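Take a moment with the model before reading on. The paragraphs below start from single residues and work out to the chain as a whole.

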Amino acid sequence: MELCHQWGIPHSQFQGRGDGTWSDLDRRKARAYADHLKSVCSGCGTRSEEWDENLGGDEDAYRAVTHRCIGCQVIADKHKEVPDGDEGHGVKVALIPTSVHAALNIQHAHD
């Protein structure tokens, strides 16, 4: 359903048996998935019911773990170089492949 939601197509079409028109079942599935998404916390991705023992959940349903993303670390390090004040307003930090960076440097050297 996640892909159907992203692509805006009926589930029957995704399954290869529909012609792209929305059946009643497709609409019910889409509404149920939309309701499910509303119940998921945007911060942690869990639902309250998963934690609530009275609703069949478990207060130990998940464990918090750490993970270091090297890409995010590199971006955070580069952010330290962005000037404060007006010079830094609107400055974004993005990752591009090293080969693209090298090609851009060569292009700028020839400009």
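In which helix does alanine 32 lie? Alanine 32 belongs to helix 3, which covers residues 24–39. This is a predicted model, so a word on confidence comes later. Now look for glutamate 87. Its position is 55 residues from alanine 32 along the chain, and the two C-alpha atoms are separated by 48 Å.

Stay in helix 3 for leucine 25, which also has its place there. Is leucine 25 buried, exposed or partly exposed? With 38% relative accessibility, leucine 25 is partly exposed. Its C-alpha lies 51 Å in space from that of alanine 103, and 78 residues separate the pair in sequence.

Next come two glycines in loops. Glycine 56 sits in the loop that runs between helix 4 (48–51) and helix 5. Its relative accessible area is 71%, so it is exposed, the cut-off being over 50%. Histidine 36 is 20 residues away from glycine 56 along the chain, with 17 Å between their C-alpha atoms.

Glycine 88 occupies the loop between helix 5 and helix 6. Is glycine 88 buried or exposed? It is buried, because its relative accessible area of 13% falls under 20%. Which residues does glycine 88 contact, once neighbours within four places in sequence are left aside? They are Val82 and Pro83. Glycine 71 is 17 residues from glycine 88 in sequence, and the C-alpha to C-alpha distance is 21 Å.

Now step back to the whole chain. Six helices and zero strands make up its secondary structure elements. Read along the sequence, the pattern is α-α-α-α-α-α. The radius of gyration is 23 Å, whereas the globule rule gives 13 Å for 111 residues, so the chain is more spread out than a compact globule. Along its principal axes, the C-alpha trace spans about 60 × 45 × 30 Å.

How many of the 111 residues count as buried, as a percentage? The figure is 9%. Contacts can be read by sequence separation too. Taking those with a separation of 6 or more, residues 24 or more positions apart account for 12%.

Finally, confidence. The mean pLDDT of the protein chain is 94. A value of 70 or more is reached by 100% of its residues. Which element has the lowest mean pLDDT, and which the highest? Helix 6, residues 98–110, has the lowest at 92. Helix 5, residues 70–79, has the highest at 97.

Note on methods. Residues are numbered from 1 along each chain as its sequence is written. This is a predicted model: local features need pLDDT of at least 70, side-chain atom pairs count only at pLDDT 80 or more; totals for chains, interfaces and linings use all residues. Side-chain values use heavy atoms; hydrogens and water are left out. Helices (H or I, at least four residues) and strands (E, at least two) are DSSP runs, numbered from the N terminus. The radius of gyration is taken over C-alpha atoms; the globule rule is 2.2 Å times the number of residues to the power 0.38. Buried means under 20% relative accessible area, exposed over 50%, partly exposed in between (1.4 Å probe, protein chains only). Contact means heavy atoms within 4.5 Å. pLDDT is the predictor's confidence in each residue, from 0 to 100.
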